[in-house]
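This briefing is meant to be read with the sequence and the coordinates open side by side.

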Amino acid sequence: MGNKYKVTAFLVLIILFSACKDNPKKSTPIVKAEPPVVEEVKEIHEFGYNLNDYVVKRDTIKSGDSFGHILGRNHIGYSTIHNIVEAVKNTFDITSLQLGKPYTLLCAKDSLQTPECFIYQPNLEDYVVVDFKDSIQAYTEQKPISYIEKSATGVINSSISETLEEQGLSPRLAFKLADEIYAWTIDFRRLQKGDRFKVIYTDKYIDDTIYTGVHNIKAAYFEHNSEPFYAFAFETDSDKGIVDYFNEDAKNLRRAFLKAPVQFSRISSRYNLKRRIAVYGYKVRPHKGTDFAAPIGTPIMATANGTVTKSERRGGNGNYVKIRHNATYETQYLHMSKRKVKVGQYVKQGDVIGWVGMTGNTGGPHVCYRFWVNGKQVDPFKQKLPQAQSISDSLKVEYLEFIKPIKEQLDDIPFEIKPELIEEPKGETVRQNEHLIS
Ligand SMILES: [Zn+2]
C-alpha cells in the first residue's frame with residue numbers, strides 16, 4: 001500500500017510539474033524531478049474520475065479532523081458545508097470518518113484550488129464519493145477487484161510454512177491447506193520429509209495493484225507418505241454458495257466429525273472399559289470418554305453440526321454440553337469452565353461451545369469427550385466415521401466433468417522450482433502459468 005501512495009504521489013508531481021511547464025513565469029519546482037523518465041502524462045482514472053482534470057490532494061483523517069474542518073481549511077464556506085452536509089445526510093454519515101483513514105480532495109485547477117469532490121476510503125475496497133461540483137450527491141462505490149490464478153509447488157523439508165516461506169509464498173496457503181482442505185485426511189504436525197504438494201489458487205487484488213492475499217484454493221495435490229491426496233473445490237449448492245473439497249472420486253474430504261474437540265491437545269486418557277484406578281482400590285472403573293488435556297480456557301469445539309440437547313452443570317460432569325447430530329450420533333463435552341451454548345441451539349462443526357475447565361470430578365484441566373452411537377457410548381477412534389455430505393448422483397457426473405481439465409492442469413505442473421522465481425516478492429510474481437480470470 002505504501003508503494004501505491006508513493007506511485008500516486010509521484011504521478012501528482014508529474015502533473016504539477018507539467019502544469020508548471022505550461023507557465024514559464026512560475027519558478028522551477030522545488031521538488032526534484034526523477035531522472036528523465038518523465039513520459040507523456042497519461043490519463044489517470046481513479047474513483048471514476050479522470051484525475052488529470054483536478055489538483056489531487058490526498059491525506060488521512062487526523063485527530064480532531066471532521067468533514068467540516070477539512071472542507072473549511074480548503075476554503076469552502078460554512079454555508080456551503082452546511083448545504084453539503086444536509087444534502088448527503090441520508091447517504092453519507094459525516095461522523096463516520098475514522099482516524100488514519102485516507103481521503104482525497106479533487107480540487108479545481110485554478111488559483112484557489114477549490115475542492116469539488118471529497119472521497120473517503122473506509123477500507124481498501126470501498127470508497128465514498130461526496131461530489132459537490134454542480135449538484136450535491138454522495139454514493140459508495142467499490143474499487144475494481146481482480147483475481148489472478150497462480151500455482152505453486154513445494155517439497156517439505158521440515159514444515160509446510162517453511163517450504164512456503166522459502167519460496168516467498170503466503171502463509172495463508174498453509175493455513176488453507178491444513179485447516180480447510182486436508183484437516184480430516186493429513187495431520188500437518190506430522191508431515192514427512194519429502195512430502196510434496198502442488199496447489200492452484202487465486203490471489204486477490206484491488207485496483208490491479210493492491211495485493212490482499214490468497215482468495216481461495218481451486219485445487220490441490222498433496223503427497224503424504226507417498227500417498228496422493230487430490231482436492232478440488234466444487235460448489236454443491238449455488239443458492240447457499242456452499243463450496244466443498246472433494247477428491248478425484250467425488251468423495252468429500254471432510255468428515256462428519258472432527259478428530260478432536262480441542263486444537264493442539266494431547267489425549268491424557270482413552271476410552272477404556274477395563275480401566276482400574278488406584279484411588280478406587282484398583283476396582284474396574286470404565287472410562288467411556290476420551291480425555292483431551294488442554295489449558296483452562298482453551299476453546300472447545302462442536303465436532304460436528306447438530307443441536308444442543310443439554311447444557312448444564314451437574315455432579316461429576318461439571319459444566320457439560322451434549323449435542324445431537326442426527327438420529328444416530330450424539331457427542332458430549334465435560335468439565336468445562338464455562339458453557340457458551342443453550343439447549344435448542346444449532347451449532348456447526350468447529351463452533352466454540354465452551355471452554356476447558358476443571359468442574360466436576362477431574363484431577364486436571366481437560367475435556368472429557370463422549371461419543372454416542374444409537375444411545376451407546378463408544379470409542380470414536382474405533383469408529384469408521386461417516387464422510388461429510390457427499391455429492392448427489394446427478395451432480396457427480398457434472399463434478400467429474402468439471403475436474404477433468406483441472407486435474408490435467410494440476411498433473412502438468414512440474415515439481416521442480418525455477419530458481420529465478422524464488423526471490424520474487426510474495427504474491428506479486430507474474431508467472432508464466434498465471435492468467436486473469438475475472
Ligand atoms: Zn473422561
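Is Lys143 buried or exposed, and what is its relative accessible area? In this predicted model, Lys143 is buried, with a relative accessible area of 4%, and its side chain meets that of Asp207 in a salt bridge with an N to O distance of 2.9 Å. The points below place that pair among the other features, beginning with the metal.

**Zinc site**

- The zinc ion is coordinated by three named atoms or atom types, namely NE2 of His287, OD of Asp291 and SG of Cys368, at distances of 2.0 to 2.2 Å.
- Asp291 and Cys368 are both buried.

**Five-stranded sheet**

- An open sheet is formed by five strands in the order E3-E4-E5-E6-E7, with antiparallel pairing, and its edges are strand E3 (55-60) and strand E7 (137-142), each of which pairs on one side only.
- From one strand to the next, the twist averages 20°.
- Strands E3 and E4 (residues 102-107) run antiparallel and are joined by six bridges; in one of the pairings between them, Val56 has Leu106 of E4 as its bridge partner.

**Salt bridges**

- The structure holds 18 salt bridges, among them one between the side chains of Lys204 and Glu125, at 2.8 Å from N to O.
- That pair links distant parts of the chain, 79 residues apart, since Lys204 lies in strand E9 (residues 196-206), while Glu125 lies in the loop between strand E5 (115-120) and strand E6 (126-131).
- Lys204 has a relative accessible area of 17% and is therefore classed as buried, whereas Glu125, at 21%, is partly exposed; the cut-off for buried is under 20%.
- The salt bridge between Asp207 and Lys143 likewise links distant parts of the chain, 64 residues apart, with Asp207 in the loop between E9 and E10 and Lys143 in the loop between E7 and strand E8 (145-155).
- Glu312 and Arg314 form a salt bridge in which the closest N and O atoms are 3.5 Å apart; Glu312 counts as partly exposed at 21% relative accessibility, and Arg314 counts as exposed at 52%.
- Salt bridges that share partners join Glu46, Arg58, Lys143 and Asp207 into one network, so the buried Lys143 belongs to a network of charged side chains as well as to its pair with Asp207.

**Positive phi outside glycine**

- Ser226 is not a glycine, yet it has a positive phi of about 65°; Ser226 is found in the loop between strand E10 (210-224) and strand E11 (227-237), where it is exposed, with a relative accessible area of 65%.
- His335, which is not a glycine either, also has a positive phi of about 65°, but His335 is found in strand E20 (residues 329-339) and is buried, with a relative accessible area of 5%.

Methods
Residues numbered from 1 in each chain as written. Predicted model: local features only at pLDDT ≥ 70, side-chain atom pairs only at ≥ 80, totals over all residues. Heavy atoms only, no water. Donors = N, O, S within 2.8 Å, 3.2 Å for Na, K, Ca; no water. Buried < 20%, exposed > 50% of the residue type's maximum accessible area, 1.4 Å probe, protein only. Pairing = 2+ DSSP bridges. Helix = DSSP H or I, 4+ residues; strand = E, 2+ residues; numbered from the N terminus. Axes fitted to C-alpha atoms, helices over the stretch in contact; angles between N-to-C directions. Salt bridge = Lys/Arg side-chain N within 4 Å of Asp/Glu carboxyl O.
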